[in-house]
Amino acid sequence: MLPAAFLDIAGAAKTFGSTAVLGGVDLAVRRGEFVSLLGPSGCGKTTLLRIVAGLTAADAGRVTLDGLDITRRPPHRRDVSVVFQSYALFPHLSVAENVAFGLKARGTARSSVGPTVARFLDLVQMGAYADRPVKALSGGQQQRVAVARALAVGPKLVLLDEPFSALDRRLREAMQIDLKRLLREVGTTAIFVTHDQDEALTMSDRIAVMNRGRIEQCADPATIYHRPATPFALDFVGTSTRLEGRVVRTLGDEIVVTTPAGLLRAPGHYLPGSPVLLGVRPERITLGDGGGNRVEAVLVDASFKGARVELHLTAGGAPVLVEAPALPEGAAPGAALTVSWASADTLVYPAGEAA
Amino acid sequence: MRNRPDPVALLALPALLYLGIVYAVPLAGLLVGSVVRPGGVTLAPFADFFRDPFHWTVAGNTLRVAALTTLVCLAIGYPTAVALARARGFAQAAILVAIILPLSVGVVVKAFAWQIVLRRDGVVSQILVGLGVWDEPQRLLFTEAGLVIGAANVFVPFMILPVYSVLKTIDPRVGEAATTLGASPLYRFRKVTLPLALPGIVSGIAFVFSMTASMYVIPSLLVGDRFQTLATLTGRSFLFMRNEELGSTTAVVLLALTVAIVVGSTSLSRRLGGSS
């Protein structure tokens, strides 16, 4: 049943000085898949990327690519391209020479270098700039050249280390869509490192949420968003209402939890008395009494987000975040509002993990 | 408004005045002195100079020692510059101090130290015999090899520092990008590191070559009178032989050779670095 993974990372560990940057990470990637490593800075995502590329030696663990154990293979013989955050274009070469570099280094026949370079420059819409020096390009253009350069050698795997972080938002969003389409066209397997949850949700087939040198959850974007496996994943991806409480009793497959916002029901099996953390995504909460969990809250602030309105409420001293289609008629800060959500939409975590 | 000079340019005035008085004026005097003879302007002194085979030997000595010393400095200095650019914190500070501190020791003091090291029972001789390179102790002092060793010791910081200052500006990711694209370490060095480091290497070569070609104290102390270079010959002409005509001729020849080689190597390397 288990298909053999194209890239298989097993027990990758790395310690710098006395800091454990990676604590035995496992990750399997299928051929053609686009996987994001998502996490805050210092979570070990770039170190994991560098271990796969062979630029950093792991203290322990094994990396297998396309059936070959490449753990000890030098980086120039791995067939793994990297697109760096700083682009790292060759400043002394032209755009076309940058893209041709990897082909020439691998001894590709001279006659096929030119057409390949032209094809990849066209794919990133940089064909008109072939003879320009790279220093004369804008950030977005350099980015495109870096992607073309990495893909032109036909790597088994391309690693992208926060490639859009230096671009402004509008350009970044355009590039995200372009890159996703390009990678699908070329059919390259890709690992994408980012700290931007929107970027990860937009682009990935699967997201590995990383925290403190571990993968907390690895799943498709919808699962990551709707069913975050840990409080960290809940917190790092998207926004949410978080309520700490204590289980008072069980009701079949549900528990009743006492929280600052009142008694709430949630799916799960916990012993009465257990401390738990409840989470709810803002768009799951509706205004008015719609059954399930019902909370009396006071409006603190409302921010207009275009298509939707974000309501900041407070219930028993705890902040509650609601995303609604529109502001209720006549609601001003201080107004009392009733909100509700289905108990099945309540996420439950054992408390203490969040710390 | 349009043609008003930038007032900031005035900041260069003190240096310009100083160089004008202590450098440009005497140099002009030297150049004039080398071609003006009683009876008018003539290039005859240069013709006479090159007719004498001894002067060819002297010019050969100068260029050979300068070239060898530059080569030794490059061979030692480049790896040191790489280490310096990669080092961080204390290690980097220690290497920098080790490179710069010896500059504060006078050349004369260093040359005397080398006299101790290079003599027949000196450290170098003992090591080479110990390693089996030499069958019996030999004297390096008063030889051309000894001169090159001593000169390289004095001038190697002038190779290391410009190379280091260029290397440290290169994004280490650029080399890593080359590697992940499939470049072997040698290919990466030839096609990426070397072209990017070239401006530093060229200034290092220009510094060391011009300083070695015109050094006076080091050959005087390490080899002595039997081995003449254009610089020592110039010095002897002025100081001992009181032959100012010969002195200004040799000085101009030395100047012309050094400038030609430094400018030539710079433009050559520019051209090599420009293509790939």
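**Exercise 1. Describe the span that UniProt lists in chain B for "domain: ABC transmembrane type-1".**

Step 1. An unreviewed UniProt entry lists residues 59–267 of chain B under this name; UniProt positions follow the numbering used here, feature names are shortened, and annotations may be inferred rather than shown by experiment.

Step 2. The span is 77% helix and 0% strand, where helices (H or I, at least four residues) and strands (E, at least two) are DSSP runs numbered from the N terminus. Its end C-alpha atoms lie 23 Å apart.

The model is predicted: local features need pLDDT of at least 70 and side-chain atom pairs count only at pLDDT 80 or more, while totals for chains, interfaces and linings use all residues. Residues are numbered from 1 along each chain as its sequence is written, chains are lettered from A and ligands numbered from 1 in the order in which they are written, and side-chain values use heavy atoms, with hydrogens and water left out.

**Exercise 2. Decide whether Ala146(A) is buried or exposed, and find its contacts.**

Step 1. Ala146(A) sits in helix α4 (residues 139–152) of chain A.

Step 2. Its relative accessible area is 2%, so Ala146(A) is buried (buried means under 20%, exposed over 50%, partly exposed in between; 1.4 Å probe, protein chains only).

Step 3. Leaving aside neighbours within four places in sequence, Ala146(A) is in contact with Val83(A), Tyr87(A) and Leu89(A); contact means heavy atoms within 4.5 Å.

Step 4. Asn98(A) is 48 residues from Ala146(A) in sequence, and their C-alpha atoms are 8.2 Å apart.

**Exercise 3. Compare the accessibility of Lys156(A) and Asp66(A).**

Step 1. Lys156(A) and Asp66(A) form a salt bridge, with their closest N and O atoms 3.9 Å apart. The pair links the loop between α4 and β7 to the loop between β4 (60–65) and β5 (68–69), 90 residues apart.

Step 2. Lys156(A) is partly exposed at 24% relative accessible area, and Asp66(A) is partly exposed at 32%.

Notes. Salt bridge = Lys/Arg side-chain N within 4 Å of Asp/Glu carboxyl O.
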